[in-house]
Amino acid sequence: MQKRPRRTELLHFYNEGMKEETPYDINSKHFNCDMYVQKTIKESSLKQLLEHESELVSEIQSLDSDCQTLVYDHYDKFIAAADIVRKMKEGSVSMEAQITRLQENMGRITASSTSITSALQERRGHLSRLLGVHGTLKKLEFLFHLPQKIDECIAEKNFSEGVRSYVETAEVLHRYRHMPSFDAIHCDCEAAVGRLNAALKEQLALKEGSARHLTECVDLLLQLGEPAAGLCDDFLSHARTKLEDDLATLTRLAEAAAEVEQDGGTSHETEAGEGAEEVKEVSQEELIVSVLGKTVPMDILEFVDICHETFVGNLWLVISSYKEMFLRSPDEGGRSSTLALEKLRTFVAGLVDQYVAVVGVRVAAEPDTAHYAPLTTALDKFHRRLHAITQLLPNTSFGDTALGLVIEAGQARCSSSLAALKVGLATNLGDVRHALAAPRHLTQDGTESTHRQLNEHLTRLVAATAASIKERVTALQAFTQPKHTFAVKAEFRHQFCRELVREGVVVAFFLHLTDMMMEFCHKKDKDPVLLLLLSRMCLDLHTSTVHYLLSHCDEQLQLEDKSGLTSLHTITDGMKEAGQRLLNHYVHTQGAAISQMLRRSVELKDWLGCGEPRSVRRVMRTVLEEISTIDTQVGALYEEGSHRDRSSDSSRRTYHSVSASRGAGGRSAWSSYTPSQLDNSLVANLNKLWSERIEIFAPVEFTRLSILTGIVKISLKTLLESVRLRTFSRFGLQQVQVDAHYLRTYLWSYVADEHVLNVLLDEVVTSASVRCCEPELMEQRVVEFICDQS
């Protein structure tokens, strides 16, 4: 709404010049007041005329005020200008007199200068000639004393001053050597320069000289005219000696750190002190000596800084000086320059390889504390400085060499992380095993707090495994910080993040865990409760934990392209298979334990000489107690599972005939016959024809009822096979009948399908009747009474 009035005003302002001027425009020079008044009275009402009058009065007052303000402002400026003019007039009067005196003084000075110049004109040429002769004599004096000065510089070891003096006079001596006097001076200077050359070469051969001193000597020899080709080899040879001494010092430091790491820093104080003295003789560096005198390993950051201050700094100076002296000289060119550059590359490459090997020893000696920030910072400094050498010496790959060492360090840390995860898993499993083997605390009602204990063990085991993996991934993430130069390289990120961390640590640990779980399936001396706990652990890992940990790893390492990586389903399927095998092994182990009790009870009893049954055998009650204990353990870790409805007459089945139909769960026409009227073998065969096949050792599901059903099937199948191998009397058959009814009464709540229980118990009684000499079953009410009493 505010833009339209502004636009209208602008259009009105800029279009005024284009409009034709009228006498009614109050701002126009053609304005006619009478015509304007008549038009206004004619077109406006009284109210509008009054308002217009008020507007005109207000504008007139505003214009008067503006005019007064303008007059006052200009009046002040006029007064100030008048004052300035008056002051200028007053100052100009005295200034005119001063200018007049100045002109008179300048005239007198000019006259005096002219008279002096004319008086000294004759002597000026003579003075110039005398000054020239004096300069020549000074130069001759310098030339006569030049051999002596060069010898003094040699004695004082001020070689640069001696070379500078000779270089400044060499051209003059060479130009005037045909004169006898200059020829003698030239010969003396050449002899002195020879001695200077020999002294510089002696300085060049000194082992204790620094790289800077070596560079100065070579530069002075080049100024003296020594051949560059020979000096090139000498320079590199002497530089190699110095740099190899630095490498030897760094090797001692690295080996000392490795020894302290191996021996715990307690038995090398004396050896470290002796090493300090040796290094002092070689390097004369108090810092390194003090470090070697320590009984604790040097910090990795301090080690890399010392490397930079000694070897890397000297190598940098050698390369820069070599390029300045032998590769940028105008006398060198073409093939010679190429050959010199190739010598430098070969020289640097050999030393860098040795340096990388020394740093690799020190990095390998760094203890794995799961805190890799100092290590990665040191590796970043190491990589930056070798990459800088690559930029200083083109067509080299020292940066790639440094990156290779960084990758090796990352691989070593990944291997140690995987080993730590394996040790942590073994420790956690050992703790759980000891806790399961320890005496258990009883609750107030006398029952074991199995549910709470097993859940605590499971939660602690899974949480510890997940926490250790996350901790290691977070620690290894220090290698991928953007502040590190090597971390932004695609080659490093691909190999480290994908192959080393994800595949080499996380996935490898999951595969190791799966293999370890598989190994438990082949060991018979393991605690069954531990097998049950590990099976549930595998199920939890399969369900959610593996997916969460892999997603966390991919997110932390910023892995977007997952092609070529181990898929989630591969790991989870392996976990599920391991859990299934552990659960099957648990069922077989528990089933075998109960089967052992049942088989021994059948084998040790005299079935032909036993009396009339008065109670359920004690072993049956023991079996129920064991199954109840197993049910408590399984129920603490697994859900209930589906349970078929119990048949209405299942607990009150009669045994006048064992040929009841298994398929319908009710009675058939065979129940009206007694065993004396129908052959027992025929009854058993007919029962098998009409009943479904029961898989005794079929894989169980991850539910409580399925697990208990598997254990019950194995136990009853063992009981059935044991009964088939014995011969029974009438009372022995009735005892088996009582035991079967007792098991049927109390085992139905532990199985998923009661039909399976009925079939197996019917087969037990049928097999006993087949193996009985006088097959006669006890009345059902008597059997029930005996079981109730038990």
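Me: At its relative accessibility, does Val723 count as buried or exposed?

Reply: Burial is read from relative accessible area: under 20% is buried, over 50% is exposed, and values in between are partly exposed, with a 1.4 Å probe and protein chains only. Val723 has 2% relative accessibility and therefore counts as buried. The model is a predicted one, in which local features need pLDDT of at least 70 and side-chain atom pairs count only at pLDDT 80 or more, whereas totals for chains, interfaces and linings use all residues. Residues are numbered from 1 along each chain as its sequence is written, and side-chain values use heavy atoms, with hydrogens and water left out.

Me: How many helices and strands does the protein chain have, and what share of its residues count as buried?

Reply: Helices (H or I, at least four residues) and strands (E, at least two) are DSSP runs, numbered from the N terminus. The protein chain has 24 helices and 0 strands. Of its 790 residues, 40% count as buried.

Me: Which residues does Val723 touch, leaving out those up to four places away in sequence?

Reply: A contact means heavy atoms within 4.5 Å. Val723 is in helix H21, and its partners beyond four places in sequence are Val602, Phe728, Val764, Ser767, Ala768 and Arg771. Val723 and Val770 are 47 residues apart along the chain, yet their C-alpha atoms are separated by 9.9 Å. For the protein chain, 78% of the contacts with a separation of 6 or more are between residues 24 or more positions apart.

Me: Where is Thr709 placed, and what lies 2.8 Å from a polar atom of its side chain?

Reply: Thr709 is also assigned to helix H21, which spans residues 704-724. Polar contacts are pairs of N or O atoms within 3.5 Å; within protein, one atom must be able to donate a hydrogen and the other to accept it, and residues adjacent in sequence count only if both atoms are side-chain atoms. Here the backbone nitrogen of Ala752 is 2.8 Å from a polar atom of the Thr709 side chain. Beyond four places in sequence, Thr709 is in contact with Tyr750, Val751 and Ala752. With a relative accessible area of 10%, Thr709 is buried.

Me: Which residues does Leu757 touch beyond four places in sequence?

Reply: Leu757, in helix H23 (residues 754-770), touches Val712, Leu716, Arg744, Leu747, Trp748 and Val751. Leu757 counts as buried because its relative accessibility is 1%. Its C-alpha atom is 7.1 Å from that of Arg744, 13 residues apart along the chain.

Me: At what angle do the axes of helices H16 and H17 cross?

Reply: Two packed helices are described by the angle between their axes and the distance between the axes. Axes are lines fitted to C-alpha atoms, for helices over the stretch in contact, and angles run from 0 to 180 degrees between N-to-C directions. The axes of H16 (residues 490-520) and H17 (residues 528-557) come within 11 Å and cross at roughly 175 degrees. H16 is therefore roughly antiparallel to H17; angles under 35 degrees count as roughly parallel, over 145 as roughly antiparallel, 65 to 115 as roughly perpendicular and the rest as oblique. Among the residues making the contact are Val506 and Phe510 of H16 and Leu549 and Leu550 of H17. The contact residues divide into 19 nonpolar, no polar and 3 charged. In this grouping Ala, Val, Leu, Ile, Met, Phe, Trp, Tyr, Cys and Pro are nonpolar, Asp, Glu, Lys and Arg are charged, and the others, Gly among them, are polar.

Me: Which residues is Ile469 in contact with beyond four places in sequence?

Reply: Ile469, in helix H15 (residues 450-476), is in contact with Leu421, Val506, Phe509, Phe510 and Leu549. Its relative accessibility is 3%, so Ile469 counts as buried. Ile469 and Leu550 are 81 residues apart in sequence and 9.8 Å apart in space, C-alpha to C-alpha.

Me: What is the phi of Asn395, and where does Asn395 lie?

Reply: Most residues other than glycine have a negative phi. Asn395 has a positive phi of about 60 degrees although it is not a glycine. Asn395 lies in the loop between helix H13 (373-392) and helix H14 (398-437), and at 69% relative accessibility it counts as exposed. Gln558, likewise not a glycine, has a positive phi of about 55 degrees. Gln558 is in the loop between H17 and helix H18 (568-604) and is exposed, at 61% relative accessibility.

Me: How many disulfides are counted?

Reply: A disulfide is taken as a pair of cysteine sulfur atoms within 2.5 Å. The count comes to 0. For Cys772, the nearest cysteine sulfur, that of Cys773, is 6.1 Å away. Cys772 is buried, with a relative accessible area of 10%.
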